[in-house]
Amino acid sequence: MTYEVRNGTQRYALKAARAGKCTDAEYGYEQDFVLYLARAGFVVPAPVPLKDGTSFFTLDAPEGPRQVVLMRWLDGVPCTKNMTIDDARRLGVFLARLHE
């Protein structure tokens, strides 16, 4: 689940992973990779560090542990199955850059 969070004029995305989706180590690896991409100049929803410097916390929910991360908000529209030629080109450029 992803929620929009507003703090004054700032917007964030608060994402709660499904219970049992992955371990904390796996989720941490995912957040570290997103941070790596952000530092490399990619426009990604980078996690906002917590006060202790970590990128997420784990919540003990009734259905089981869920990792929660607060990320930068990115304006745009969700990708759909109906991709245009221009969308495909932009995706291709992104993927090529990612694999440099």
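This is a short chat about side-chain packing in a predicted model.

Me: Which residues make up the largest nonpolar core?
Reply: That core has 7 residues in all: A13, A17, C22, Y27, F56, V69 and M71.

Me: What does A13 touch, leaving out residues up to four places away in sequence?
Reply: A13 touches T2, Y3, V69, L70, M71 and W73.

Me: How many aromatic pairs are in the whole structure?
Reply: A search finds 3. One of them is Y27 with F56, with ring centres 5.1 Å apart and planes at 70°, so the pair is edge-to-face.

Me: Where do Y27 and F56 lie?
Reply: Y27 is in helix α1 and F56 is in the loop between α1 and β3, so the pair ties together parts 29 residues apart in sequence.

Me: Is Y27 buried or exposed?
Reply: Buried, with a relative accessible area of 0%. F56 also counts as buried, at 16%.

Me: And F42 with F94, how far apart are the ring centres?
Reply: They are 5.2 Å apart with planes at 80°, so this pair is edge-to-face. F42 lies in the loop between α1 and β3 and F94 in helix α2, 52 residues apart.

Me: What sits over the ring of F42?
Reply: The charged end of R97, 4.0 Å from the ring centre.

Me: Switching to L37. Which residues is L37 in contact with, beyond its neighbours within four places in sequence?
Reply: F42, V44 and L98. L37 and L98 are 61 residues apart in sequence, with their C-alpha atoms 8.3 Å apart.

Me: Last one: why does R66 count as buried?
Reply: Because its relative accessible area is 15%, and buried means under 20%. R66 lies in strand β4.

Note on methods
Residues numbered from 1 in each chain as written. Heavy atoms only, no water. Helix = DSSP H or I, 4+ residues; strand = E, 2+ residues; numbered from the N terminus. Buried < 20%, exposed > 50% of the residue type's maximum accessible area, 1.4 Å probe, protein only. Contact = heavy atoms within 4.5 Å. Core = buried A, V, L, I, M, F, W, Y, C linked by side-chain atoms within 4.5 Å. Phe/Tyr/Trp six-rings, centres within 6.5 Å; stacked < 30°, edge-to-face > 60°. Lys NZ or Arg CZ within 6 Å of the ring centre and 35° of its normal.
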